[in-house]
Amino acid sequence: MECIVFNLPFWRTLGASTDTNAVHNTLGAGLKRTDDGMLTVTDPTAAYLELTADGTSPYLRIDTSSGETIEKAHEQAEKESKANGDKRVVKPLSSINVRVDVTSTVTAGETSANDTTSGSSDAANATDSGTDESAAGSQSSPTTTTIVTTGRAQSLTPGIERSHYIKAPGKGTVRVWIQETRGSIVPISDARANVRVPFAVSGVRIAAMALLLFMLALWRPGSRLWRIPFDPDSPRQRLAFAGIMAVPVIAIGASIAWQLANAMPLAFHIAGGYTYDFDQYGHVADSLIAGRPWLDLQVPDRLAATADPYDVPTRLKLLADGVSPIYWDYVYYQGHWYSYFGVLPAVLLFAPYRILTGRTLPTAAAEQFLVLLFIIFFSMLVLRVIHRVMPRTSLAAASLTVASALLGSQAGYLIYRTNFYQVPFAASLALTSLGLWFWVGADTSHRPVLSIDRWQAGNARPLSLPRLAFGALCIAANFGCRPTFTLAALLAFPLFWPQIRAMAADLKDRRVVWWQALRAPVAVIVPAVAVVVPLMMWNKVRFGSPFNFGNAYQFSVSDMTRYVTPLRDMPVTIWYYLCLPLRFTQHFPWLALSPAPMPVWGYYEVMVGALFTATPLMALALVLPFLRRLEMHGMRPWLMSCLMLAGALIVFDSYVGGLGWRYSADFGYLTALASIPGLLWLVNGREPSKSLAGANDAASGDGIAHVTPWRWLMRWTVVLLVLFTLAVAVLSCFVLARDDALIANNPGVWHQIQSWFTLL
């Protein structure tokens, strides 16, 4: 694959002439060459470079300016912008959109490379003036055909040489159209036809193919993993889990180290616009260290004197008049700037880092660290739930379920987007996963460290008091991150209902003294109160109410003090959260943002797909109510509660926040938990306690020898759906026009991956 398929352009161009007809291309009237060799677009309708091709190579190469020249132009533009009050200044483009058209004139009897190309013809006109060749030796007038082959638009970047090669099959006049707006500075010098594409080996591409084959080998129905029982108490399996978790630890850890070494302040301003400062948590940490609730950010006098600063036209008038800084998505309240995001990440991460190093902790590093914790804790939680639901299952089924659950919980989105908006989500997901892991494991038969660590009511199974307490502490801490996650505390009731009912019976019949019976509730309530009360006081000091986080006072797209989500939008928004279809395209990255029109204007963040379309195995959560005959060992009420809580949060987010990709993290993890029984039932059968393959499928105990064709098909289906979901998560990072689009933030990486496929 690497040497032949991905290097097919090299083999196809071995016979290229490499001839060029001029040092510089002919420029269209819409381009002007600058003193440093770049091009300026003066008229997009005539912005092209013209050259000729002899047909010996179906590719051309676009030469760009040197990195030193581009960097110098950027520095000059920055100086000019600062000298003119942050006025917008045109800089050389980092991504350049081009299209190549080839015009060929073919005479009858000639063979043209265009005859076999797949481009679209804009014009194909032929003039016939010949006569029938009815006699030997008769001559006919030559017949000519002009063919214009229109290429497709694609982009390139100066730093990635492979992206400079573009398909241009044919012989004749070649026009390279620069598809950029008027005034754009394009770091292109010339284009060259008749080129040879160099042979290139990509280690990343080889690793990606090897990883795909490795996953297929591990998860295929004939794999040995289907014959090994999942045993969380096995030292070897625990060691294997640690080894698997070492992969994200190393990968994300390397990214964190890079962020710590290279991150810069994320604040910028353009004259006449808002000031964008993405170091919100760093400013909160500075305020905590200084002992004040507000942020030490400048408040313009005219803004402070404004009667209604939340009115959008009023703010726009201030911006037009040059009033600055007015911070985007910060809270402005009674003459001070605040952050409406939960304070706990600032307390636990940003403030200690500032005290120890004297520097601001990069937001991306903090977010990635929290996502790493979530990946570890949520994997532990899913494995614990799997063992409770189906004690007899295989390593293959368990690992597939964990992979599906991580993807369904929006881990891919959180790994990609690392700004401050994702910090509270990542923190709450990590805390909630750890808290639920403690709670699901509180019903344990393991020997306690101290006898007083155990609490039992009636004939119900004993509970570990430390696990109850730590679980409550983690879940209550969500009040200082993403408060919607505190609703996970409701899951304690179905999980511990046998113990709650037994405790009530003991108290009613006076079989136990009240202080002994209430040890478990106290173990839950005291840690929760200890963490929630200070957070409530923090809100009261800032905004006068323990439950006011200040989000109504943020400067955003509308006046948030008056904004209410239109009720007509809610059914549509709920549908989009669940079933917004994927939108496929013909070219890399083969995915595009999916339109989500609303009946009435309302806030929404464009998405690639929805919970059930981008992660289709999550739809198995809807099967849970119908799996009444499936033995779940007492976990069915708890999992049903996860599903109902997920539904409630979808409705809540639709009303309060509108449609937002990141809001899917509020309910994605709950849906993933509710999907576990359905996925295990699909690959194992109805009664896996008798064999790994299920009583419906196998008479033997090895779990694979006599698996029915239906179960075999279902296992392949699950494997392929997990790989499909993983592909969607990866490709969605490359989608154009999404928030934090990779082609804008890191055009080198985007074009490097694009170049793997565009030349084939």
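Let's start at arginine 227, which is partly exposed, with a relative accessible area of 36%; partly exposed covers the range between buried (under 20%) and exposed (over 50%), using a 1.4 Å probe and protein chains only. This is a predicted model, where local features need pLDDT of at least 70 and side-chain atom pairs count only at pLDDT 80 or more, while totals for chains, interfaces and linings use all residues. Residues are numbered from 1 along each chain as its sequence is written, and side-chain values use heavy atoms, with hydrogens and water left out.

You'll find arginine 227 in the loop between α3 (203–219) and α4 (235–262). Helices here are DSSP runs of H or I with at least four residues, strands are E runs of at least two, and the numbering goes from the N terminus.

Now hop over to another loop, the one between α11 (411–416) and α12 (423–440), where glutamine 422 sits. Leaving aside residues up to four places away in sequence, glutamine 422 touches Glu367, Tyr413, Leu414, Arg417 and Arg662; a contact means heavy atoms within 4.5 Å.

Time to zoom out to the whole protein. The count is 25 helices and 21 strands, and the C-alpha trace spans about 120 × 80 × 50 Å along its principal axes. Of the 760 residues, 50% are buried. As for who touches whom, take the contacts with a separation of 6 or more: 76% of them involve residues 24 or more positions apart.
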